[in-house]
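Trainee: I've never looked at this structure before. Could you walk me through how to read it?

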Amino acid sequence: AFIDAVAATGCTRFIVHARKAWLQGLSPKENREVPPLRYDWAYRLKRERPQLQVVVNGGIADAAEASAHLAHVDGAMLGRAAYHTPYLLHELDVAWFGGGLRTRGELLRAYRPYVEAQLAHGVALKHIVRHVLGLFAGQPGGRAFRQVLSEGAHKPGAGWQLVEQALALTERREQVA
C-alpha cells in the first residue's frame with residue numbers, strides 16, 4: 001500500500017533496502033549483520049509492479065553478487081563495498097555498460113585534474129584522497145599505498161606528488177609480482 005501511494009504521486013523509482021533495521025537492542029554494526037537480508041521483498045515488488053524501477057540495496061559485497069541481482073530487479077546499490085574497494089565500481093561500469101577495463105593507476109591519474117583543482121581551492125589533500133585509500137585493496141603494494149597517503153596527506157603542502165609516490169609503490173610491486 002505504501003509503494004502504491006507513493007507511486008500514485010508520480011514516483012517511479014524505488015530503492016529497497018533488503019534488511020530491516022532493529023531500532024532497539026542492536027548496535028549499528030550488529031544491524032548490518034544480524035537481521036536477515038530479504039532481497040525477495042525487492043524481487044516481489046518488481047514482479048508485481050514491473051512498470052516501476054526497483055533497485056536493491058544492502059549487503060552487496062562484490063561484482064558477481066551485484067550482477068546477479070539484475071536478473072530480478074533494475075539495479076543494485078553498493079555502499080560499504082564501493083567505499084572499501086572503489087575499483088569495484090569501475091569493474092561494474094565496464095561489465096554493465098561496456099568499455100575497456102582500465103588499471104587502477106590509470107584511473108587514479110585521471111583523478112589528478114580534480115585533485116589539483118580542489119587543492120587550488122584550499123581543500124586539504126587528506127580530505128580528497130581518503131576516498132581512494134581502498135583503490136589497491138588486496139593488490140600488491142596496497143598496504144604501502146594506503147600508508148603513504150594516510151601518513152602524508154595531512155601534512156601542510158601535501159599535493160599530487162604524494163599520490164604519485166604512493167602509486168609508484170604499487171607499480172614496483174606489480175612488476176615484481
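Mentor: Let's go through strands, cores and salt bridges in turn. This is a predicted model, so local features need pLDDT of at least 70, side-chain atom pairs count only at pLDDT 80 or more, and totals for chains, interfaces and linings use all residues. Residues are numbered from 1 along each chain as its sequence is written, and side-chain values use heavy atoms, with hydrogens and water left out.

Trainee: Okay, strands. Which strands does β2 pair with?

Mentor: Helices (H or I, at least four residues) and strands (E, at least two) are DSSP runs, numbered from the N terminus. Two strands pair if DSSP finds at least two bridges between them. Here β1 (residues 13-17) runs parallel to β2, with five bridges joining them. On the other pairing, three bridges link β2 to β3 (residues 75-77), again parallel.

Trainee: Is β2 mostly covered or exposed?

Mentor: Buried means under 20% relative accessible area, exposed over 50%, and partly exposed in between (1.4 Å probe, protein chains only). Strand β2 (residues 53-57) is mostly covered, with four of its five residues buried.

Trainee: And how do I read a core?

Mentor: In soluble globular proteins, nonpolar side chains tend to be buried together. A nonpolar core is a set of buried Ala, Val, Leu, Ile, Met, Phe, Trp, Tyr and Cys residues joined through side-chain atoms within 4.5 Å. The largest one here has 20 residues, and V54, V56, I60 and L78 touch the most other members. Helix α3 (39-48) is among the elements that give two or more residues, and its four residues are the largest share. There's also a second, separate core of 19 residues, including I128 and V148.

Trainee: How many salt bridges are there?

Mentor: Side chains of opposite charge can pair when their charged atoms come close. We call it a salt bridge when a side-chain nitrogen of Lys or Arg is within 4 Å of a carboxyl oxygen of Asp or Glu. The structure holds eight. In one of them, R109 meets E164, with the closest N and O atoms 2.9 Å apart. That pair links distant parts of the chain, 55 residues apart: R109 sits in α7 and E164 in α11 (residues 160-176).

Trainee: Which residues form a network of salt bridges?

Mentor: D4, R44, E48 and R49 do. Within it, R49 and E48 meet at 3.3 Å, N to O. R49 is buried at 17% relative accessible area, while E48 is partly exposed at 46%.
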